[in-house]
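My entries follow below the structure.

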Amino acid sequence: MKRYIALHTIVKYGSFSAAAEKLGYTQSAISQMITNLENEFGFRLLNRSKQGVSLTPEGRDIYPYIVQTLNSARSLNERAQEIHDMESGIVRLAAIESVTINWLPLLIDSFHALHPKVEFEIYEHNYAGLTDAITKDEVDFIIIAPEAAGGLTLRHIKTQQMLAVLPKDHPLTAYEAVPLYEFAQEPSIFLEDAPFHEPVEVLKNLELHSSTPFTVHDSDYAIMAMVERGMGVSILSELMLYGSPFDLALRPTDPPIYRSLAIAFKNDRVLPI
C-alpha cells in the first residue's frame, strides 16, 4: 500500500522530491518504491524527464485502479474506526424478565443517546434459556445471577432485594418483615424448576419446605395475578415488582433474600467493542 501511496503522491505533486517531502521519505526511498512497483507489474509507470514526471500509457491505464484501491482502503479504515468508536454495530444480549422489562430499557435508552447508530437484539429467557443462548453463540452476553452462570466470565453489576408477595388481606402482612419459617407454611407459587432460583435455595438451606400447588412457567406477572386472587404467596425480585399493576402487599423477608446480577460472557476478546 505504501508504494501505491507513493505513486499517487508523485502524480499529484508532479515530482519525486515533492512526494518525498510530503510523505517524509528520502527521494531515493520514493524512487526505490516506484522501481519495485514497476518490477512487480512488469512495465514502467512513470516517465522521468527534466520537465518532470508523467504517467506512461500503461501507467495511465492502471492508475485509476490504484486510486480506487487507495480510496477503498481509506473507507475500510474509516469504517473500522467508526466501529471502534462505537458509532455502529450490533449488541446481542439476553436477560430474565425483570431485567428486560424494568431495567434494560433505561440502560439502552441512555446508551443509545450516546451511540444512536448501535443496534440491539434483545432476548428474554429464564436462567436455563440464558445459559443455552450464550453456549450456542446466539447472544454476545447475558445478564444472570452469578450462581446460575456456570463457567462463564462474570462482571457483577447489581444486587437487588427480593420481597415476599402477599394478598392484601393476608395474615403475614402484619409483619414488617415476613419470617421465612411462617412463609413456608403457606402455599407458595414459584417459577418452574430452574438451575438456580434464589428463594427456593434459601428455603432449602434453612431446611424449610413449603407446599407448591402451582408452578408457573416463565411469567412473574402470572404469579402476581395468582397471588392477588389469594391462591398463594410468593417471593419475587424488587426489580420485577417495580410499577406492578397488581394490588399486592410487599414485605421484606426475615432473613432477607438478595439476588445478584452479573454480565456473563464466554470471552471478552470477542465481545462487541
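**Pocket lining**

I began with the lining of the largest pocket, whose residues divide into 19 nonpolar, 2 polar and 1 charged; here Ala, Val, Leu, Ile, Met, Phe, Trp, Tyr, Cys and Pro count as nonpolar, Asp, Glu, Lys and Arg as charged, and the others, Gly among them, as polar. I note that this is a predicted model, in which local features need pLDDT of at least 70 and side-chain atom pairs count only at pLDDT 80 or more, while totals for chains, interfaces and linings use all residues. Residues are numbered from 1 along each chain as its sequence is written, and side-chain values use heavy atoms, with hydrogens and water left out.

I then looked up the volume, and found about 550 Å³ of space in the largest pocket. Of the 22 residues that line this pocket, those closest to its centre are Val91, Phe111, Phe120, Phe141 and Ile263. (A pocket is an open set of points on a 1 Å grid over the protein atoms alone, where a 1.4 Å probe fits, with protein on both sides within 12 Å along at least five of seven lines; lining residues have an atom within 4 Å of a point.) At least two lining residues come from each of strand E3 (89–95), helix H6 (104–114), strand E4 (118–124), strand E5 (141–144), strand E6 (153–167) and strand E13 (257–265); helices (H or I, at least four residues) and strands (E, at least two) are DSSP runs, numbered from the N terminus.

**Helix H1 and its partners**

At what angle do H1 and H2 pack? I read about 120° for helix H1 (residues 2–13) against helix H2 (residues 16–23), with their axes 8 Å apart; axes are lines fitted to C-alpha atoms, for helices over the stretch in contact, and angles run from 0 to 180 degrees between N-to-C directions. The contact (heavy atoms within 4.5 Å) is made by Ile5, Ala6, Thr9, Ile10 and Tyr13 of H1 and by Phe16, Ala18, Ala19, Lys22 and Leu23 of H2. By class, this contact of H1 with H2 has 8 nonpolar, 1 polar and 1 charged residues.

Next I turned to helix H4 (residues 57–84), whose axis comes within 10 Å of that of H1 and crosses it at roughly 115°. Here Tyr4, Ile5, Leu7, His8 and Val11 in H1 meet Tyr63, Ile66, Val67, Thr69 and Leu70 in H4, and by class the contact has 8 nonpolar, 2 polar and no charged residues.

Methods:
Grid points are joined across faces, edges and corners, and a volume is the space filled by probe spheres set on the points.
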